[in-house]
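Me: Got a model to walk through. Can we go over the contacts, strands, cores and salt bridges?

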Amino acid sequence: MSEISCRPLTPITGAEVEGVDLASDLKPAVVADLREALLRYKVLVFREQPMNDAQHVALTDVLGGATAAHPIVNGLREEPAVLRTALSEDRPGLAQSAGGLGLPLGGTAPRRLRTEWHIDSTFVANPTSITILRGVEIPPTGGDTLFANLEALYAGLSPSLRGYLDTLQAIHSRNNPSRTPRFDGKPGGPFVALHPLVRVHPETGVRSLFVSAVFLQAIRGLKPRESTALLDFLLDELAGRDEIHARVRWEQDTLVMWDNRAVAHAGPVDGLMFDEERIVHRTTVVGDLPSGPDGFVSRSLKGDLFEAIA
């Protein structure tokens, strides 16, 4: 057994982890304990974890295999698995969204929430399983990330509604291909995927509400007004139930790892409240095809699967 210890952030979501050096201590026993902790807490926060991009990718590989940085956007030339995000480059888009000027990604559904709660890459049929985000340049305050426990969100609904949602599928899409070709030569979009609205976790068997305010466009088989009304309710539940949320405050060399199959996230939620730069590097672990309670398995309607880097 390794010597890691976990201090919960909230009663149901997140934990700060101590007793491990993620840049060098990746023995099988440590990796097994990390995976066990991730399944239990869903969001793991590691402080004082200085590392370079190659070490970041190595951590990602031992957890299941690093994907390319993003299905659409290229990563770093020297490390194609690493996505660099600088707040100074994203602030114009945040300001536009805050002003109500954002355009729907797929042209079929309006933005429903100011806070863009999402699950990474649900517009592909096999969304990534684990996301690993590392603070490279962090402001003194601000840049926080919120997490929502999707299993608790589902469990908090009435049994009758849960039974109905168990039978539904939803369309997720992203229709803004990059102008820069992907390093691996694969198409950078558009992507459309059909997913169960309720996902069964492939390792724990626990059900969660598979909703993403950014990419989820419509529920298959419902009329537009019915679909919009149901999604508005579910996304309001996602945003409004504070008891299922956890907030991570960043520090220099903080690393956050989360189970992309069990939580949604939003951030930096306060990016317009400070002027300093915030740079984070992200990697993701290849995922499987989500399955629903009724046996429905996600499938691609347009675009390739998102595989691990060979």
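**Contacts and packing**

Reply: A37 touches C6, K42 and L44, leaving out residues up to four places away in sequence. Contact means heavy atoms within 4.5 Å.

Me: What are the ground rules here?
Reply: This is a predicted model, where local features need pLDDT of at least 70 and side-chain atom pairs count only at pLDDT 80 or more, while totals for chains, interfaces and linings use all residues. Residues are numbered from 1 along each chain as its sequence is written, and side-chain values use heavy atoms, with hydrogens and water left out.

Me: Where does A37 lie?
Reply: A37 is in helix α1, residues 28-41. Helices (H or I, at least four residues) and strands (E, at least two) are DSSP runs, numbered from the N terminus.

Me: Is A37 buried or exposed?
Reply: A37 is buried, at a relative accessible area of 7%. Buried means under 20% relative accessible area, exposed over 50%, partly exposed in between (1.4 Å probe, protein chains only).

Me: What separates the C-alpha atoms of A37 and F306?
Reply: 25 Å. Along the chain, A37 and F306 are 269 residues apart.

Me: Switching to S121. Where is S121 found, and what is S121 in contact with?
Reply: S121 sits in the loop between α3 (87-98) and β5. Its contacts are P71, P127 and F215, with neighbours within four places in sequence set aside. S121 counts as buried, at 4% relative accessibility.

Me: Now strands. How many residues of β15 are buried?
Reply: Seven of the seven, so β15 (residues 279-285) is largely enclosed by the rest of the structure.

Me: Which residues are on which side?
Reply: I279, H281, T283 and V285 are on one side of β15, and V280, R282 and T284 are on the other. Both faces are covered. In general, side chains in a regular strand alternate between the two faces of the sheet.

Me: Which strands pair with β15?
Reply: β4 (residues 83-86) pairs with β15 in the antiparallel sense over four bridges. β5 (residues 130-137) also pairs with β15 in the antiparallel sense, over seven bridges. Two strands pair if DSSP finds at least two bridges between them.

Me: On to helices. What should α6 span?
Reply: At 1.5 Å a residue, the 17 residues of α6 (residues 224-240) should span 24 Å, and the end C-alpha atoms are 24 Å apart, which agrees. The expected span is 1.5 Å times one less than the number of residues.

Me: Which residues of α6 are buried?
Reply: S227, L230, L231, L234, L235 and L238. They cover an arc of only 125° around the axis, which puts them on the same side of α6. The arc is that of the directions from the helix axis to the C-beta atoms.

Me: Why would residues three or four places apart point the same way?
Reply: An α-helix has 3.6 residues a turn, so those residues point the same way.

Me: How many residues has the largest nonpolar core?
Reply: 28. L165, L197, L209, V211, L234 and L238 have the most contacts inside it. α6 gives the most to this core, with five residues. A nonpolar core is a set of buried Ala, Val, Leu, Ile, Met, Phe, Trp, Tyr and Cys residues joined through side-chain atoms within 4.5 Å.

Me: What does L238 touch?
Reply: W117, A148, L150, L153, V211, I244, H245 and A264, not counting residues up to four places away in sequence. There is also a second, separate core of 22 residues, including A23, V30, L59 and I132.

Me: Last topic. How many salt bridges in the whole structure?
Reply: 18. A salt bridge is a side-chain nitrogen of Lys or Arg within 4 Å of a carboxyl oxygen of Asp or Glu.

Me: How far apart are the closest N and O atoms of E16 and R47?
Reply: 3.1 Å, in a salt bridge. E16 is in strand β2 (residues 15-18), and R47 is in the loop between β3 (43-46) and α2 (53-62), 31 residues apart. Both E16 and R47 are buried.

Me: And D288 with R199, how far from N to O?
Reply: 2.8 Å. D288 lies in the loop between β15 and β16 (299-302) and R199 in strand β9 (residues 198-200), so the pair ties together parts 89 residues apart in sequence. R199 is buried, at 1%, whereas D288 counts as partly exposed, at 34%.

Me: Which residues join into one network?
Reply: R7, E16, E18 and R47, through salt bridges that share partners.
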